[in-house]
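Please walk me through this structure, taking the aromatic rings as the point of entry and moving from there to the core, the strands and the charged pairs.

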Amino acid sequence: MKRLFLLITTFVALGATAQTTETKKKDWSKIDLSGRSKDHFMIQYGADSWTNRPDSVRTGNGFSRHFNFYVMFDKPFKNNKKFSLAYGVGIGSSNIFFDNVNVNIKSTSLRLPFTKADSINHFDKFKVTNIYLDIPVELRYYTNPENPAKSWKFAIGAKIGTLLRAHTKGKNLVDKNNQTVYGNSFIQKEVTKKYFNGTALAITGRVGYGIIGLQGSYQFSSVLKDGAGPSMNRFTLGISISGL
């Protein structure tokens, strides 16, 4: 979470620096943005992690990642068109890979079991995937709102997500000596939302130039339901591609 706060602080500092002399030269409330698109796509891709993990929740052995796709609508402020409010809807996904740990989401226990599997059968590749319907909201700042393709852009915001699907995927079951049991192509999937929090609340931040940017988020609601396991939060950092 400290990393995201540092990122957002950097956004604000850079935005304030970029505004100094230009604001005195131009009345940004009077510029015409009627030709600027009011809606656009936003694609995000990057790394995921669960914070506050106990030793039993051992991640790794794969690139834990997210992929988000949103349709956004942009509303410039009337008194200063360098600022705008944006909101949208889309699909977000999170894939967390585990290192020789079995995550049994089909368990009948009240708490989700995370079992270290170094000395028992386990999957060579194993991940937990959550898919959300997200509603993001952003406060945006542009150094050049008349030409977003040649503008520095800064945004802070939040998003709320509802869990659509949760599943695990294991590939290539091996024994304690890492010898395959059913062959390299063996795949097992389990699907249930039983243990996962149905609502995801996160703060977000972005900075970039043109259509490319750096983005991050911190989910302050727990990944798992209360009582279903350790209280862990999701942190993301990656790239963003967006017209605005």
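In this predicted model, F123 has a relative accessibility of 9% and therefore counts as buried, since the limit for that class is under 20%. F186, with a relative accessibility of 25%, counts as partly exposed. A pair of aromatic rings is described by the distance of the centres and the angle of the planes. By the rule applied here, the count comes to 13 aromatic pairs. F123 and F186 form one that is stacked, with 6.3 Å from centre to centre and 5° between the planes. Because F123 lies in strand β6 and F186 in the loop between β7 and β8 (187-191), this pair ties together parts of the chain that are 63 residues apart in sequence. Both residues also belong to a cluster linked by ring pairs, which comprises W50, F98, F114, F123, F126, Y182 and F186.

In soluble globular proteins, nonpolar side chains tend to be buried together. Here the largest nonpolar core has 23 residues, and those with the most contacts inside it are W50, F98, V103, L112, F114, F196 and L224. Two or more residues of this core are given by each of β4 (101-103), β6 (122-142) and β7 (152-174), and the largest share, four residues, comes from β6. The surroundings of L224 can be followed in detail: leaving aside residues up to four places away in sequence, L224 touches L112, F114, Y195, F196, N197, G229, P230 and M232.

The strand pairing can be read from β1, which spans residues 39-51 and is joined by nine bridges to β2, residues 65-76, with the two strands running antiparallel. β1 also pairs with β11, residues 233-242, again in the antiparallel sense and over 10 bridges. G46 shows how the two pairings come together, for its bridge partner in β2 is H66, while in β11 G46 stands opposite G238.

N52, found in the loop between β1 and β2, has a positive phi of about 60° although it is not a glycine. N100, in the loop between β3 (83-97) and β4, likewise has a positive phi, near 55°, and is a residue other than glycine.

The charged side chains come next. Side chains of opposite charge can pair when their charged atoms come close. A search of the whole structure finds six salt bridges, and one of them joins R58 to D118, with the closest N and O atoms 2.9 Å apart. This pair links distant parts of the chain, as R58 is in the loop between β1 and β2 and D118 is in the loop between β5 (114-116) and β6, 60 residues apart. R58 is partly exposed, with a relative accessible area of 24%, and D118 is partly exposed as well, at 39%.

Another salt bridge is formed by D134 with K159, whose closest N and O atoms are 3.9 Å apart. D134 in strand β6 and K159 in strand β7 are 25 residues apart, and the pair again links distant parts of the chain. Both D134 and K159 are buried.

E138 forms a salt bridge with R206, the closest N and O atoms being 2.8 Å apart. Since E138 lies in strand β6 and R206 in strand β9 (residues 199-209), the pair ties together parts that are 68 residues apart in sequence. E138 is buried, with a relative accessible area of 5%, and R206, at 11% relative accessibility, counts as buried too. These two residues are also part of a network of salt bridges in which D74, E138, R140 and R206 are linked.

Key:
Residues numbered from 1 in each chain as written. Predicted model: local features only at pLDDT ≥ 70, side-chain atom pairs only at ≥ 80, totals over all residues. Heavy atoms only, no water. Pairing = 2+ DSSP bridges. Core = buried A, V, L, I, M, F, W, Y, C linked by side-chain atoms within 4.5 Å. Buried < 20%, exposed > 50% of the residue type's maximum accessible area, 1.4 Å probe, protein only. Contact = heavy atoms within 4.5 Å. Phe/Tyr/Trp six-rings, centres within 6.5 Å; stacked < 30°, edge-to-face > 60°. Salt bridge = Lys/Arg side-chain N within 4 Å of Asp/Glu carboxyl O.
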